Amino acid sequence: MSTTLSPVRPSAHLCIETSSPSAGLVRVAVTGEIDLATAGEFYAALFGVLSTRLPARVDVDLAGVTFMDCTGLTVLVLVRRAASRIGCQLRVGDTQPIVRRVLELTGLLGVLTAAFAPAPLAPAGPASAASVAPDPAAVTQLSSWPAAA
């Protein structure tokens, strides 16, 4: 008996749009599938927002994401770690049920979708402004996303 394998179909195109609805906030809306074929593009877009805009908060809107595998989760964890280094809060929201389930199963749902707590009040003076603003020196270049083999 002979088995024929169908060719691997490339993922749906990934569309990433960024906007800044208010000072210090960047909203990243993603549509499509986040998998091995598109994770590099997803990583580059999110890390680019962190390194060029130095926002205080990044909201990642996944309402249009129809599929996400472990490479998408890896991107979110890496970018969240980089964001915390510069004092930026990263939050994922508006997930489709399939993406929400992946986040639940991996224990990342609460971590990535947690509501932002208000920042504690700092004492008045020049030092307090510096402690609240993102620190550009804290943005480190992570190794580039590995290319698909």
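Let's start at proline 97. This proline sits in helix 3, which covers residues 97–105. Is proline 97 buried or exposed? Proline 97 counts as exposed, because its relative accessibility is 62% and the cut-off for exposed is over 50%. Now look for alanine 63. Proline 97 and alanine 63 are 34 residues apart along the chain, and their C-alpha atoms are separated by 9.5 Å. Keep in mind that this is a predicted model.

Stay in helix 3. Leucine 103 is in that helix too. Its relative accessibility is 0%, so leucine 103 counts as buried. The cut-off for buried is under 20%. What does leucine 103 touch, leaving out residues up to four places away in sequence? The contacts are Met68, Leu73, Val92, Thr95, Leu108, Leu109 and Leu112. Take methionine 68 from that list. Methionine 68 is 35 residues from leucine 103 along the chain, with 9.5 Å between the two C-alpha atoms.

Leu73 was on the list as well. Leucine 73 belongs to helix 2. Leucine 73 has a relative accessible area of 9%, so it is buried. Again leaving out residues up to four places away in sequence, leucine 73 touches Met68, Val102, Leu103, Thr106 and Leu108. So what do the two lists share?

Next, a pair of helices. In general, two packed helices are described by the angle between their axes and the distance between the axes. At what angle do helix 1 and helix 2 pack? Helix 1 is residues 39–53, helix 2 is residues 70–85, and the angle is about 15°. Their axes are 10 Å apart. Helix 1 is therefore roughly parallel to helix 2, because angles under 35 degrees count that way. The crossing of helix 1 past helix 2 is right-handed.

Who meets whom? From helix 1 come Ala39, Phe42, Tyr43, Leu46, Phe47 and Leu50. From helix 2 come Thr71, Gly72, Val75, Leu76, Leu78, Val79, Ala82 and Ala83. By class, that contact has twelve nonpolar residues, two polar residues and no charged ones.

Let's step back to the whole chain. How many helices and strands are there? The chain has five helices and four strands. Along the sequence, the order is β-β-α-β-α-β-α-α-α. The chain has 149 residues, and 34% of them count as buried. Now take the contacts between residues at least 6 apart in sequence. Of these, 73% join residues at least 24 apart.

Two loops deserve a stop. Most residues other than glycine have a negative phi. Where is leucine 54? Leucine 54 is in the loop between helix 1 and strand 3, and that strand is 57–68. Leucine 54 has a phi near 45°, a positive value in a residue other than glycine. With a relative accessible area of 24%, leucine 54 is partly exposed.

Is aspartate 94 buried or exposed? Aspartate 94 is exposed, because its relative accessible area is 54%.

Last topic: cysteines. A disulfide is a covalent bond between the sulfur atoms of two cysteines. How many disulfides are counted here? The count is zero, with a cut-off of 2.5 Å between the sulfur atoms. Cysteine 15 is partly exposed, because its relative accessibility is 29%. Cysteine 70 has a relative accessible area of 55%, so cysteine 70 is exposed.

Methods
Residues are numbered from 1 along each chain as its sequence is written. This is a predicted model: local features need pLDDT of at least 70, side-chain atom pairs count only at pLDDT 80 or more; totals for chains, interfaces and linings use all residues. Side-chain values use heavy atoms; hydrogens and water are left out. Buried means under 20% relative accessible area, exposed over 50%, partly exposed in between (1.4 Å probe, protein chains only). Axes are lines fitted to C-alpha atoms, for helices over the stretch in contact, and angles run from 0 to 180 degrees between N-to-C directions. Angles under 35 degrees count as roughly parallel, over 145 as roughly antiparallel, 65 to 115 as roughly perpendicular and the rest as oblique. A crossing is left-handed if the near helix is turned anticlockwise from the far one by less than a right angle, and right-handed if clockwise. Contact means heavy atoms within 4.5 Å. Ala, Val, Leu, Ile, Met, Phe, Trp, Tyr, Cys and Pro count as nonpolar, Asp, Glu, Lys and Arg as charged, and the others, Gly among them, as polar.
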